[in-house]
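Here are some notes to read beside the model. Please keep the sequence and the 3D view open while going through the points.

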Number of protein chains: 2
Amino acid sequence: MEEKKMTIGDIAQTLGVSKTTVSRAMSGKGRIGEETRKKVLDYIAEHNYSPNVIAKGLAQSKTYNIGMVLPGDYNVAELPFFQKCMLGISREASARGYDVLISMVTKEDISQLERAVANRKIDGVILTRTLTEDASIRCLKENDVPFVAIGSTADDEVVQIDNDHLRACRELTGKILEQGVRKLALIGGDGNLIVTADRLRGFQEAVADSRKKEKGAGKAEAEGAGKASEKAHVETEAPVWLNVEDSREVEEIVGQLADGSVECIVSMDDYLCGLVLNALQRRQIAVPEQMKAASFYDSTLLESRMIPVTSIRFDVEELGKKACGLLMRILDGEEVERRTLLGYELCMRRSTQ
Amino acid sequence: MEEKKMTIGDIAQTLGVSKTTVSRAMSGKGRIGEETRKKVLDYIAEHNYSPNVIAKGLAQSKTYNIGMVLPGDYNVAELPFFQKCMLGISREASARGYDVLISMVTKEDISQLERAVANRKIDGVILTRTLTEDASIRCLKENDVPFVAIGSTADDEVVQIDNDHLRACRELTGKILEQGVRKLALIGGDGNLIVTADRLRGFQEAVADSRKKEKGAGKAEAEGAGKASEKAHVETEAPVWLNVEDSREVEEIVGQLADGSVECIVSMDDYLCGLVLNALQRRQIAVPEQMKAASFYDSTLLESRMIPVTSIRFDVEELGKKACGLLMRILDGEEVERRTLLGYELCMRRSTQ
DNA sequence: TTGAAAGCGCTAACAA
DNA sequence: TTGTTAGCGCTTTCAA
């Protein structure tokens, strides 16, 4: 009853041309008279016909769908990161005539992705995070499905894009150290994630850097001050906890740190940082006077907190967009850069003053 | 190079049967000899062939995709609700052989949904929220796309499913009133959302109810107490703020309420409640001693807070699953109930003690 | 510049 | 019980 059921054949018939002509007019491929072309396009516009993408896809062995792989784990999935990323991807895909199909996977179960691949429902895939031992990546490679990974991976064959977490964490840590804070601690989540490892390295590099500088300074001083510098090094040795999951663990860690052995706690995401702030508050430890805090992502999770929290901000929507753009280029047969690093923004706030 | 490119024709040929036979063996439709059937299925299993769903779809005018419509607004999209919902939907869909295609829409721009519909990429749609003036609903109706709405709407033609927010809010409010709290306030977000209206009504009904009871009690007393009861009524008149968006507004509201005119603030979602707790903390108002607080959703947003917050918990994954189940039944041509109300769980916690 | 015809991989009458 | 034959709506050689 709608124009909906109109086909390329109907148009051809009423216009007295062949289906081929109509097809050509729309795609712009192949020679076609400017006149007839206009005639067809006008008709199409007037009756707002839109072609059946499924049929088109069948003929071209394309689907005009891209798959987006999301974590299906309970707590992880809630992070605002994935939603923002989805926005970027879906906008970019939409602008290019693609739709986004989702597959929610866990470390153990990637059946949704496997199904989408086996059913040939997608032309390519965007992974929204990477694991050290990534079943999704294996699946995609085995089936020759083009994909790009948001996040980093050691596998050089993988087209990957991410914010520069290593540098971000190094700069953040460095800035805090520059402010005169000596004793830092780092708390992070899943150690299987490559970001976690990257941030850890950034953190450690900054700490080591500062130690080196002090050593230099120490040496200069040492000529008059003897062993004083020796102790400074030790103090810069920074404790790290990974695979931290719930508030119980955080409580315990904060308990251990609160004895004055540490001056600033860097958390690897806003959820963890929230738990840290919470634990501190419970112990009546004032931020930033008695303990400083810094975090990653700068999401709404911390927005509603008492003190503005020093944080790294990533433009996640842009990340999603760029990732999608990369995938599109791959689908178009272009060669693309294997590794893209996006920037970040350091937001120094009251929590580390 | 993979078995991937195998078609029903190849199988038919190597097995010396017709394509129809293979098709029948797989679908179970039409008569077919138990023997040949087994032969075909065995072959398929052995070579792990999986049929081309696109081609199948074209032949049946089906896509085996359902659309999921998500809010593309910035702050809203971050709510954990949608992620959980997505999990439920995608699990159920997957189990039934469907994939999930996403469309992110805003109040002004539903172009992604329109595209998916125009391109016939989806067999049906699940809306994850409803607006009073809903462009998505209009679009779906106009194009005869089957859909179910998560959330409520006045439109009786729409198949809708939701948790019973009205009762939930009424019970929550009632419980708090029963505890002897007199003066309540309600803070909510977008007044355009039907849930907002429902919760408001629940709140007001509970307040009115309690007033009525007091009136009854008041009358009994009145014989000896004169005008005392008169005042009690006035105190139960509860202030309501809707369309509250950011921390600035919340700060202002809490400032007004903190003069002792109100004993408990009910927030319509965890984000708002977080802002309220924040504002209270800033003013050194102790929860629950000086001000009680209650919220909706019981999400991780509040999990990392000092005090456990009284809240309504909804099983959102279940909601998504059920919604998807409903849609599947509609797609199968079944008649389904127009309105499904799911339960909730009242979690009374320290914040209202 | 245009059109006819053969597919894309599958389903579904209709025969056999 | 099985096979034949048309399609589904579009693209794409290959001729004209």
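1. Which strands of chain A does helix α13 (residues 270–282) lie across? Helix α13 of chain A lies across β6, β8 and β9 of chain A, and runs at about 160° to β9(A). Helices (H or I, at least four residues) and strands (E, at least two) are DSSP runs, numbered from the N terminus. Axes are lines fitted to C-alpha atoms, for helices over the stretch in contact, and angles run from 0 to 180 degrees between N-to-C directions.

2. Some ground rules come next. The model is predicted: local features need pLDDT of at least 70, side-chain atom pairs count only at pLDDT 80 or more, and totals for chains, interfaces and linings use all residues. Residues are numbered from 1 along each chain as its sequence is written, while chains are lettered from A and ligands numbered from 1 in the order in which they are written.

3. Chain A as a whole. Chain A holds 15 helices and 12 strands. Its radius of gyration is 27 Å, well over the 20 Å that the globule rule gives for 353 residues, so chain A is more spread out than a compact globule. The radius is taken over C-alpha atoms, and the rule is 2.2 Å times the number of residues to the power 0.38. Along the principal axes, the C-alpha trace of chain A spans about 100 × 40 × 35 Å.

4. The sheet within chain A. Six strands form an open sheet of mixed pairing, in the order β7-β6-β8-β9-β10-β12. Two strands pair if DSSP finds at least two bridges between them. At the edges stand β7 (240–241) and β12 (345–347) of chain A, each with a single partner strand, so one side of each has no neighbour in the sheet. Helix α9 (residues 165–178) of chain A packs on this sheet and touches β6 (184–187), β8, β9, β10 (310–313) and β12 of chain A. The direction of α9 makes about 30° with that of β12(A). Inside the sheet, β8 (residues 264–267) and β9 (residues 292–296) of chain A run parallel and are joined by 3 bridges. A:Val266 has A:Ala294 in β9(A) as its bridge partner.

5. Where the chains join, β2 (residues 99–105) of chain A and β2(B) pair in the antiparallel sense over 3 bridges. A:Leu101 stands opposite B:Leu101, and A:Ile102 has B:Val100 as its bridge partner.

6. Contact between the chains. How many residues of chain B are in contact with chain A? There are 46 residues of chain B in contact with 46 residues of chain A; contact is counted when C-beta atoms, placed from the backbone, lie within 7 Å. On the chain B side, α5(B) gives the most, with 7 residues. That side has 19 nonpolar, 18 polar and 9 charged residues. Ala, Val, Leu, Ile, Met, Phe, Trp, Tyr, Cys and Pro count as nonpolar, Asp, Glu, Lys and Arg as charged, and the others, Gly among them, as polar.

7. The DNA strands. Of the 27 residues around DNA strand C, A:Arg31, A:Gly33, B:Ile8, B:Ser23 and B:Ala59 come nearest. A residue is near a strand if its C-beta atom, placed from the backbone, lies within 6 Å of it. α4(B) gives the most to the surface near DNA strand C, with 5 residues. Around DNA strand D there are 26 residues, the closest being A:Ile8, A:Ser23, A:Ala59, B:Arg31 and B:Gly33. There α4(A) gives the most, with 5 residues.

8. Backbone points to check. Most residues other than glycine have a negative phi, and most peptide bonds are trans. A:Tyr64, in the loop between α4 and β1 of chain A, has a positive phi near 55°. The bond from A:Val287 to A:Pro288 is cis, with omega near 0°, and so is the bond from B:Val287 to B:Pro288.

Notes. Two residues are in contact if their C-beta atoms, placed from the backbone, lie within 7 Å.
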